[in-house]
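Please read each point with the structure open.

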Amino acid sequence: MTFRRVSSLEDLWSGEMMGLEVDGNDILLINVHDCIYAYSDVCPHQKSRLSEGSLLGNTLRCARHQWEFDVCTGQGVNPQNACLKAFPVTVEGGDILLDLDDATFVAKENQG
């Protein structure tokens with residue numbers, strides 16, 4: 001795994017999300033209860049940016065068609081068979097570090 005700095009905790013407070021581009025990849029960072037999650041900033045439904053949606057507690061809602069995801073797991077809430085592409089993320093010394101080379105779908109059995 002090769003982690004690289006993409007942001008800092010000062011830029012992403014608890015309860016916030018941020019879309020950013022890293023090496024041509026659209027990334028969504030989310031801070032829920034001081035835990036950082038990183039996903040592809042693309043809704044699996046119609047490829048709209050999830051960062052344009054809303055964050056309500058642990059639920060991320062796509063702005064285009066209201067698909068919902070559990071931020072803590074990346075699993076679909078509505079519909080349940082959807083899932084997000086997750087990136088390994090860690091925090092060191094206030095820096096948010098991301099590994100773009102090791103992305104996984106959180107529910108591989110739902111891909112096809």
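1. L60 touches M17, L28, I30, L50, S54, L55, W67, E68, F69, V71 and L84, with residues up to four places away in sequence left out of the list. Contact here means heavy atoms within 4.5 Å. The residue lies in strand β6 (59–61); strands (E, at least two residues) and helices (H or I, at least four residues) are DSSP runs, numbered from the N terminus.

2. This is a predicted model, in which local features need pLDDT of at least 70 and side-chain atom pairs count only at pLDDT 80 or more, while totals for chains, interfaces and linings use all residues. Residues are numbered from 1 along each chain as its sequence is written, and side-chain values use heavy atoms, with hydrogens and water left out.

3. The confidence of the prediction should be kept in view. The chain averages a pLDDT of 91, and 93% of the residues score at least 70; pLDDT is the predictor's confidence in each residue, from 0 to 100. Over residues 107–112, however, pLDDT stays under 50, and the model has seven contacts beyond four places in sequence for this stretch.

4. Which residues touch the most other members of the largest nonpolar core? They are I30, L50, L60 and V71, in a core of 16 residues. A nonpolar core is a set of buried Ala, Val, Leu, Ile, Met, Phe, Trp, Tyr and Cys residues joined through side-chain atoms within 4.5 Å. Buried means under 20% relative accessible area, exposed over 50%, and partly exposed in between, with a 1.4 Å probe and protein chains only. Strands β3 (25–32) and β4 (35–40) each supply at least two residues of this core, and the largest share, three residues, comes from β3. Apart from this core lies another, of 13 residues, among them L29, F87, L98 and L100. In soluble globular proteins, nonpolar side chains tend to be buried together.

5. Four strands form an open sheet with antiparallel pairing, in the order β5-β6-β7-β8. Two strands pair if DSSP finds at least two bridges between them. The edge strands, β5 (54–56) and β8 (76–78), each pair on one side only. From one strand to the next the twist averages 30 degrees; axes are lines fitted to C-alpha atoms, for helices over the stretch in contact, and angles run from 0 to 180 degrees between N-to-C directions. Strand β7 (residues 68–70) pairs with β8 in the antiparallel sense over two bridges, and E68 has N78 as its bridge partner in β8.

6. A further open sheet consists of three strands in the order β1-β11-β10, and its pairing is antiparallel. Because β1 and β10 stand at the edges with a single partner strand each, one side of each is left without a neighbour in the sheet. With direction ignored, neighbouring strands of this sheet are turned by 35 degrees against each other on average.

7. Strand β1 (residues 4–8) and strand β11 (residues 95–98) are antiparallel over four bridges, and R4 has L98 as its bridge partner in β11. Strand β10 (residues 89–92) also pairs with β11 in the antiparallel sense over four bridges; here E92 is partnered by D95, and T90 stands opposite L97. β10 and β11 form a hairpin with two residues between them, and G93 in the turn has a positive phi of about 55 degrees.

8. S7 touches M18, L29, D95 and I96, not counting residues up to four places away in sequence.

9. Most residues other than glycine have a negative phi, and most peptide bonds are trans. D34, in the loop between β3 and β4, has a positive phi of about 65 degrees although it is not a glycine; D34 is exposed, at a relative accessible area of 63%. Q66, in the loop between β6 and β7, likewise has a positive phi, near 65 degrees, and counts as partly exposed at 40% relative accessibility. The peptide bond from N78 to P79 is cis, with omega near 5 degrees, and P79 is found in the loop between β8 and β9 (85–86).
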